[in-house]
Amino acid sequence: MTRHRKNYFNMVEVTLALGVAVIGVVCIMALIPVGMNASRDATADNYLPDVAQELLTIIKLDCKRADATWGVPANGPGKVPTSKPTANNWGDVDSIDRSSAYLGNPKESGGFVISNGDGNFLIVQQTKVADGPTPDDDVFNIDFAAAARVWQENISDFRFFNAVTPTVNVSGVSKAIYIEVSWPATIPYGRREELGNIRTYRMEVFNPEATLL
């Protein structure tokens with residue numbers, strides 16, 4: 001009778017196999033934060049231009065239309081200071097008062113914007129994950145949160161050409177509005193700079209009722 005000898009793995013082979021498996025798992029886990037950050041940055045690059053454009057358009061519509069009083073709002077929720085405001089560190093976004101959103105509905109899935117009245121805005125994209133007893137108690141997951149700074153400057157080097165006067169300076173009837181967006185809003189501004197997560201957009205606003213003499 002022929003006996004078949006059974007060959008088993010020895011401890012060295014088992015240890016090597018476990019070591020390879022552990023290295024593989026560790027490498028995969030190390031890639032998870034990288035993938036999440038890449039996904040967040042891709043969301044920002046796709047989402048922020050649209051939000052910045054919408055915010056700039058709302059500010060543009062707030063400009064007064066009469067020649068004597070026309071200008072970018074300097075007071076109220078949509079205030080646009082004449083110099084770049086100090087960056088605001090928003091901290092824990094979940095604890096922010098959402099009762100007076102400047103743009104959008106903070107009680108629904110989607111995006112909304114909160115202003116602190118000094119040229120700083122908080123841009124939030126969220127998804128509802130659970131209904132509460134009342135709409136105020138609904139639970140949301142913050143998908144993305146960015147901080148924005150808005151300011152205005154006079155346009156002093158832009159000139160119109162017409163038949164009466166060859167060049168007319170329009171610094172009194174035109175403004176340049178800037179919006180700088182950085183993310184995520186939950187970390188200090190200095191850290192956002194280190195990560196390179198800052199985008200700046202510009203829009204020129206003109207008084208539609210201005211008369212050039």
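**Salt bridges and exposure**

Arg191 is partly exposed in this predicted model, with a relative accessible area of 41%.

User: Why is Arg191 called partly exposed?
Analyst: Its relative accessible area is 41%. Buried means under 20%, and exposed means over 50%. The value of 41% falls in between, so Arg191 is partly exposed.

User: What makes Glu194 and Arg191 a salt bridge?
Analyst: Their closest N and O atoms are 3.0 Å apart. The cut-off is within 4 Å, so the pair counts.

User: Where do Glu194 and Arg191 sit?
Analyst: Both are in helix H2, residues 189–195. They are three residues apart, which means about one helical turn separates them.

User: Is Glu194 buried or exposed, and how do you know that?
Analyst: Its relative accessibility is 61%. Exposed means over 50%, so Glu194 is exposed.

User: Why is Asp138 called buried?
Analyst: Its relative accessible area is 14%. The limit is under 20%, so Asp138 is buried.

User: How do you know that Asp138 forms a salt bridge with Lys128?
Analyst: The closest N and O atoms are 3.3 Å apart. That is within 4 Å, so this is a salt bridge. The pair links distant parts of the chain: Lys128 is in strand S3, and Asp138 is in the loop between S3 and strand S4.

User: What makes Arg202 and Glu204 a salt bridge?
Analyst: Their closest N and O atoms are 2.8 Å apart. This is within 4 Å, so the pair qualifies. Elsewhere, salt bridges with shared partners join Lys84, Arg149 and Glu180 into one network.

Technical notes:
Residues are numbered from 1 along each chain as its sequence is written. This is a predicted model: local features need pLDDT of at least 70, side-chain atom pairs count only at pLDDT 80 or more; totals for chains, interfaces and linings use all residues. Side-chain values use heavy atoms; hydrogens and water are left out. A salt bridge is a side-chain nitrogen of Lys or Arg within 4 Å of a carboxyl oxygen of Asp or Glu. Helices (H or I, at least four residues) and strands (E, at least two) are DSSP runs, numbered from the N terminus. Buried means under 20% relative accessible area, exposed over 50%, partly exposed in between (1.4 Å probe, protein chains only).
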